Amino acid sequence: MNYGIFGGQYVPQNLKEKLGVIAQKFNELKKEKKFKEEYLYYLKHFVGRPSPLYFASNLTEYLNGAKIYLKREDLNHTGSHKINNAIGQVLLAKRLGYTHIIAETGAGQHGVATATVCALFKMKCTIFMGKEDIKRQHVNVEKMKILGAEIKEVTRGEGTLKEAVDEAFEYFEKHQESYYLIGSAVGPYPYPEIVKYFQKVIGEETKKQIKTLEGKLPSAVIACIGGGSNSIGMFTPFIKEKVDIYGVEGAGLGLQTGYHASAIYNNKIGILHGMKTYTMQDEDGKIKDAYSISAGLDYPGIGPEHAFHHKNKRVKYDSITDKEAVEAFKLLTNLEGIIPALESSHAVAYAMKIATNYKKDDIIVICLSGRGDKDLDNIMNYS
Ligand SMILES: *Cc1c(COP(=O)(O)O)cnc(C)c1O
C-alpha cells in the first residue's frame, strides 16, 4: 500500500538490497496457501486464537452509553497481540533461510514473544534492550533468558526503546545472516506491510464475531498506539466500512508539559528508523524522547500508515494521560475482573470518554491489546 508522502525506505544501500529480498519473498508467500495454513495452525494451536470478543456488560451499564465489547488479545499466549506478528515473521524468516533472529524490545513484551517463537522454531535469538528498560522490566528479561535468548544491553542515549531499535538496525545491516523481527508497524518498507498483514487477524476475527453476536458492524473501534500494530490490525478490515475509528496515543503527564508520547500532536514530519512519518522533535528538529507511564506506548514516532490516515482524516487520533489510563485500568479490573495492560487501558479510557456520544444500541469495540500483570508494580507505585 502507498502511504502518500509517508513511509519509504530511508536506509543505507546494502540494507535496501536485503529488504528487497525480504519484500519479494513476503509478496510471494502472501499468495501461497500452504504458508497461510502454517501461520493459522500456530495461531490456533499455539497462541489460542481466535481470541474472544467479550461483551463487557458491567462496563456498559456503568458508562450508560454504547454497548462495549473487548477484543481479548490479553488471552493470547505470552499475554498480548505481539505473538501474532512474531509467529508470522519467524515463519517468513525461516522460508528465507535465516537462522538468527534479532529484535528490539522496550517493555519486554515483544522480546518475550520473539524469544518464545525462536524457542519453538529453534532459531538463535538476540534481543536488543535499553539499559533503563532492562532495569525496569527484570521479570521479562529473566523470561527471555530462560527461553534461550541473548540480551544485548544498549547503553547509548537514554538507553530505552529508540536506541534499541537504532542498534538492532545497525546489527541487521552488518550481519547478513540476521533477520530483524520488528515488533510494530514501523520501520522501512516492507515492515509496516508485513506487520499489518500478520496483525489484521485481530480485525478480521472481530468483524466476523460481531456479525454473529449482533448481526451488524460496530459504530466505532478503538485501539491504543505505540508504533501502531495492534491498532492497524484492528482497523484494517474496517477502513472501508462506515465505522468510526479512533487511535489513542499516550499523553503522559499532559500534552502541554512536553512529557508525552504523542507523535502526532506537534504535527512535525521527520525521518525515524528508516521511515518518514510524524515524530516528536525538539526545536532543532532532533528526535525527542517520548514519555508514557506505559512502556509499550513510549515511542516518539508512529507507523507510516497511521500518519497517512491522520493526514487524510480517515482515523481520528487522540491521546489519554497517565492518570486517565490508571483510572481506566482500575475501573476495568473492578467492573469486569479483567486486568488490562496499561497500554490497552488508554483505549479503555478513551471509550469511557466517548461512550455516551453514541446511542445505546450502537457498539464500540476496544482492542484489549494485552494483560496487565506486568504493570502491577507500576500501578502500585503510581500516586
Ligand atoms: C507493545 C504493546 C502495545 C503497543 O504497540 P503497538 O505496536 O502500537 O500495538 C500495546 N499494547 C500492548 C499490550 C503491548 O505489548
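Modeller: The chain is divided into domain 1 (13–43 + 82–195) and domain 2 (50–79 + 200–381), with bounds that come from an automatic or database domain assignment. This is a predicted model, in which local features need pLDDT of at least 70 and side-chain atom pairs count only at pLDDT 80 or more, while totals for chains, interfaces and linings use all residues. Residues are numbered from 1 along each chain as its sequence is written, and side-chain values use heavy atoms, with hydrogens and water left out.

Biologist: How many residues does each domain bring to the contact?

Modeller: Domain 1 gives 26 residues and domain 2 gives 27 residues, where contact means heavy atoms within 4.5 Å.

Biologist: And what area do they bury between them?

Modeller: The two domains bury about 2,000 Å², 60% of it on carbon and sulfur atoms; buried area is the accessible area (1.4 Å probe) that two parts lose on being put together, summed over both. In domain 1, Q109, K162 and V186 lose the most area to domain 2, together 23% of what that side buries.

Biologist: How many salt bridges and polar contacts are there across it?

Modeller: The count of salt bridges (a side-chain nitrogen of Lys or Arg within 4 Å of a carboxyl oxygen of Asp or Glu) between domain 1 and domain 2 is zero. Four residue pairs, both at pLDDT 80 or more, are in polar contact across the interface, meaning a pair of N or O atoms within 3.5 Å; within protein, one must be able to donate a hydrogen and the other to accept it, and residues adjacent in sequence count only if both atoms are side-chain atoms.

Biologist: Switching to the ligand, which residues come nearest?

Modeller: There are 17 residues around the ligand, and K82, S184, G226, S229 and S369 come nearest; a residue is near if one of its heavy atoms lies within 4 Å.

Biologist: Where are the cis peptide bonds?

Modeller: One joins R49 and P50, with omega about -5 degrees, and another runs from Y189 to P190, with omega near 10 degrees.
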